[in-house]
Each structure stands twice: as structure tokens, then as C-alpha cells.
Amino acid sequence: MHRNQQEVKFFGSFRGNFPKDQRKHVVFVGRSNVGKSSLINMLVGKKVAYVSKEPGRTRSINFFLFDKNLYLVDVPGYGYAKVSGEERERWKEMIEMYFSECKDRIALVFSLIDSRHGPTPLDEQMLRFLEGYQYVVVLTKCDDASQKEQSETIKKVRSLTNAPIILTSAKEGKGREELLKTIKMINGEV
Ligand code: GDP
């Protein structure tokens, strides 16, 4: 196997009754349309996550097996305007249940923020929610952000948190090595 090619397989979709085994979880969260599916696909080098044509559909939490001993966990995006209050509530319940049930195995959270727009109020809420977890801020779509937008976003993120920041572009493959290195560190490989 090529050294850059991870073995990643879809494991399952869950709305509750999450896997109880001791594998570590590396979790991806972000606003709907932030580029999460594209980033996961870029990271693993194949299309495992569904790039949304209809953002906002309440989906389940998708688990992918990464090299057999770690889960990549794709949490459905938040903040899609057309979603009903009821659906939003269902999303919140599911996320809270996931984070509390799996707390002891959540080794790292990648909190995705659009580099072009900076943290939205909902992104800020998410960062607050993540206090108590180990997390990294991942700026997405850097290929499409001007230098000014990017540095403004970094400045705003810095005012909210001291978490590490990784600059990425799924389109250009930017940040892939850094993301992989971070995951492998969690996995105890380096
Ligand atoms: P998700 O809803 O967070 O899973 O976001 P998607 O991966 O479905 O992407 C949402 C939209 O952003 C799509 O139109 C993608 O083509 C676009 N997109 C995703 N990643 C990038 C990127 O790195 N650069 C640019 N320019 N567009 C991107």
C-alpha cells in the first residue's frame, strides 16, 4: 500500500446506540456546507463522505474505520437556514448524546471553520461546547480566501481559542499531511 494511502472503510451510520468498543474517535464538526465531506474525502484519498447537493438534511453520524484501530466520525453539519426548529432540536439532542456517551473515547475533534467568512456565532458556540475536549481548528477552502480574509479569520479564531489551527483546501490538497500527522499522533503511530 502506498504510504499516503490509509485504509479507510465506511463502518456505519448511527443516530444513537453508538459503537461501544474502545477505539479512539477523531471527530469532524462544522457548519453545513463548510466543506467537511470534501475534506474527509481529500484526507482519505477516496470518496467515502457524501458531498452534499442538498445541505441540511438531518443525517446520522457516520463512522469510518481508519487503519482498523481508530474511528473517523463525521457529524452532520449545523446551521443550515432552511432546517426546521424541530429538526435543529433533533440534531442537538443527537450530538449531545454522542458527545456524552463517547466522551472517554473522543481523542480529538476537528472543528471546521470557513476561512473566507471566519467563525460564525454558531461556530463560536461549537468552540465553547468543545471546551473539555481536545480540539484543533481547521480552516477550510483556503484556496478561495484572500490573504486578508484568511488573516482576519485567524485573528478572530485566535481571540476565541488557543487551539492549534490547520489551514486546508480540499480542492488543492492543502493541509493533508498535517491532518494525517495529527491523526497518527492520536493513534500512537508517531
Ligand atoms: P459539507 O456540507 O460541509 O460536507 O461541505 P461539502 O464538502 O459538501 O462542500 C460544500 C461546497 O463547498 C461544495 O460546493 C464544494 O465543492 C465546496 N468546497 C468544498 N471544499 C472546498 C475547497 O477546499 N475549496 C473550494 N473552493 N470549495 C470547496
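Q: OK, a polar contact is a pair of N or O atoms within 3.5 Å. How far is a backbone N or O atom of G35 from an oxygen atom of the ligand?
A: This is a predicted model, and in it a backbone N or O atom of G35 sits 2.9 Å from a ligand oxygen atom.

Q: What about S37, how far is its side chain from an oxygen atom of the ligand?
A: A polar atom of the S37 side chain is 2.5 Å from an oxygen atom of the ligand.

Q: And which ligand atom does D143 go with?
A: A nitrogen atom: a polar side-chain atom of D143 lies 2.7 Å from it.

Q: How much of the ligand's accessible area does the protein cover?
A: On its own the ligand has 580 Å² of accessible area, and the protein covers 77% of that.

Q: Which residues come nearest to the ligand?
A: There are 14 residues around the ligand, and K36, S37, S38, D143 and A170 come nearest.

Q: How does that shell divide up by residue type?
A: The shell has 3 nonpolar, 6 polar and 5 charged residues.

Q: K36 was on that list. Which side chain joins K36 in a polar contact?
A: That of D74, at 2.5 Å. D74 belongs to strand β4, which covers residues 70–74.

Q: Is D74 buried or exposed?
A: D74 is buried, because its relative accessible area is 2%, and buried means under 20%.

Q: What does D74 touch?
A: Leaving out residues up to four places away in sequence, D74 touches F28, K36, I40, A49, R59, S60, I61, N62 and F64.

Q: Where do C102 and C142 sit, buried or exposed?
A: C102 is buried, since its relative accessible area is 1%. C142 is buried too, with a relative accessible area of 6%.

Definitions and conventions
Residues numbered from 1 in each chain as written. Predicted model: local features only at pLDDT ≥ 70, side-chain atom pairs only at ≥ 80, totals over all residues. Heavy atoms only, no water. Near = heavy atom within 4 Å. Polar contact = N/O pair within 3.5 Å; in protein donor to acceptor, adjacent residues only side chain to side chain. Areas by Shrake-Rupley, 256 points an atom, 1.4 Å probe, with all protein chains shown as cover. Nonpolar A, V, L, I, M, F, W, Y, C, P; charged D, E, K, R; others polar. Buried < 20%, exposed > 50% of the residue type's maximum accessible area, 1.4 Å probe, protein only. Helix = DSSP H or I, 4+ residues; strand = E, 2+ residues; numbered from the N terminus. Contact = heavy atoms within 4.5 Å.
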